[in-house]
Amino acid sequence: MHRFKKMVGEPNILAIESSCDDTSVAIFTGNKLLSNVVSSQLDHEELGGVVPELASRAHVQVIQSVMQKALKEAHFSIKQINCIAYTQGPGLLGSLIVGAGFAKGLAMGLRVPTIGVNHMEGHVLAHFIEEPYPRFPFICLTVSGGHTQLSIYRNYLDSEILGQTIDDAAGEAFDKTGKMLGLPYPSGPLIDRYANLGEAKFEFAQSNVNGLDFSFSGFKTSVLYFLKKKMRENDQFIMENHNDLCASIQSTIVDMLISKIKLAIDMTGIKEIAIAGGVSANSGLRKRLNTLSQEYGLKSYTVPIRYCTDNAAMIGITAYHMYKQGQFTPLDAPVLTRQTSF
Ligand code: KG4
Ligand code: ZN
């Protein structure tokens with residue numbers, strides 16, 4: 001039987017994120033972040049995408065040292081930790097199992113409770129790591145490598161999905177079109193950098209789905225056919241127009257995202273708008289959101305770049321709010337690879 005030690009005051013939480021190809025550990029006292037160490041796996045860059053089996057093996061190799069580093073930076077000993085948080089899903093099965101197994105082993109050894117966090121909720125609650133915090137209710141566009149969704153947050157743990165992608169995620173739209181240009185994985189940050197040096201002079205199809213759902217497959221096909229045609233006419237086309245192509249790809253994806261945010265504002269009347277997830281680091285999206293806020297009189301919120309892409313701080317802050325509500329996770333809880341399983 002797993003008996004917990006008695007706890008007084010704010011919890012000291014050790015949080016683990018391992019849902020994809022980044023291994024990360026963060027330490028919190030209450031809602032105060034003390035350290036957040038992220039170790040990114042670089043092998044996938046050469047392989048053109050995340051290879052699940054390699055990702056889970058790499059988590060096994062580094063998780064212990066990432067934890068030691070996080071404890072050291074926080075000036076904490078493991079014995080001071082009284083709650084272990086981990087990403088329960090969605091994500092890659094093997095990668096999730098490594099983080100969850102490590103968390104449960106630690107928790108059993110320390111006789112402390114575990115909290116399994118929904119990764120997508122983590123991306124959104126990253127807004128509460130540092131002030132200014134969004135005010136409830138707010139709309140959040142969460143855009144990452146695996147997901148694209150618009151949600152309404154009525155409270156920390158009270159949300160509803162208003163719309164989501166029916167095919168690719170926004171991050172995949174960046175990564176896959178970047179691959180067509182010959183850029184390494186993940187190409188989102190590179191497209192962002194080159195887009196700032198170019199002009200959005202090429203037009204691509206914008207997928208048109210009703211309501212608050214998203215689709216990026218038509219856009220992706222339109223970029224592919226455009227490049228094929230142009231390369232047949234001039235095989236140096238991509239090289240000669242590289243920055244303008246990046247600017248055009250970015251501006252089309254951002255247009256599609258912004259138009260759904262506008263629709264969500266019109267439909268709900270809510271004027272507190274947040275963006276989260278890896279793609280929310282995109283400078284074009286941040287600028288357009290800023291302009292939209294001025295035009296529509298919105299209050300918009302972005303997360304500092306270091307908390308946009310996968311990190312354990314977002315898991316820790318979510319666990320803190322779950323802890324306050326007594327939402328613990330039993331040791332026999334499975335990992336949940338799909339968002340719909342939550
Ligand atoms: O949230 P995240 O780290 O991982 C997932 O949960 O998927 O997001 C990773 C995604 C990748 O597709 C990457 O290309 C994209 O975020 N990304 C960006 C930028 N930084 C990361 N996309 C566009 N512009 C960026 N600056
Ligand atoms: Zn993520």
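**Close-up views of a predicted model**

**View 1. Lining of the second largest pocket.** Gln88, Gly116, Val117, Asn118, Glu121, Leu157, Ile161, Met322, Gln327, Gln339 and Phe342 line the second largest pocket. A pocket is an open set of points on a 1 Å grid over the protein atoms alone, where a 1.4 Å probe fits, with protein on both sides within 12 Å along at least five of seven lines; lining residues have an atom within 4 Å of a point. The volume is about 200 Å³, taken as the space filled by probe spheres set on the points, with points joined across faces, edges and corners. Strand β5 (residues 114-118) gives the most to this lining, three residues. Strands (E, at least two residues) and helices (H or I, at least four) are DSSP runs, numbered from the N terminus. By class, the lining has five nonpolar residues, five polar and one charged. Ala, Val, Leu, Ile, Met, Phe, Trp, Tyr, Cys and Pro count as nonpolar; Asp, Glu, Lys and Arg as charged; the others, Gly among them, as polar.

The model is predicted: local features need pLDDT of at least 70, side-chain atom pairs count only at pLDDT 80 or more, and totals for chains, interfaces and linings use all residues. Residues are numbered from 1 along each chain as written, chains are lettered from A and ligands numbered from 1 in the order written, and side-chain values use heavy atoms, without hydrogens and water.

**View 2. The shell around ligand 1.** Of 19 residues around the ligand (a heavy atom within 4 Å), Gly145, Asp175, Asp192, Asn282 and Asp310 come nearest. The shell holds six nonpolar, ten polar and three charged residues. Polar contacts are pairs of N or O atoms within 3.5 Å. A side-chain N or O atom of His123 is 3.1 Å from a ligand oxygen. Backbone N or O atoms also approach ligand oxygens: Gly146 at 3.3 Å and Gly171 at 3.4 Å. The protein covers 90% of the 550 Å² of accessible area that ligand 1 has on its own (Shrake-Rupley method, 1.4 Å probe). Helices α4 (119-125), α5 (170-180) and α6 (188-195) each give two or more residues to the shell.

**View 3. The salt bridge between Arg306 and Glu130.** The closest N and O atoms are 2.8 Å apart. A salt bridge needs a side-chain nitrogen of Lys or Arg within 4 Å of a carboxyl oxygen of Asp or Glu. Arg306 lies in the loop between β10 (299-301) and α11 (313-324), and Glu130 in the loop between α4 and β6 (138-143), so the pair ties together parts 176 residues apart in sequence.

**View 4. Two cis peptide bonds.** One joins Gly89 and Pro90, with omega about -10°. Another joins Phe136 and Pro137, with omega about -10°.

How values were computed: A polar contact is a pair of N or O atoms within 3.5 Å; within protein, one must be able to donate a hydrogen and the other to accept it, and residues adjacent in sequence count only if both atoms are side-chain atoms.
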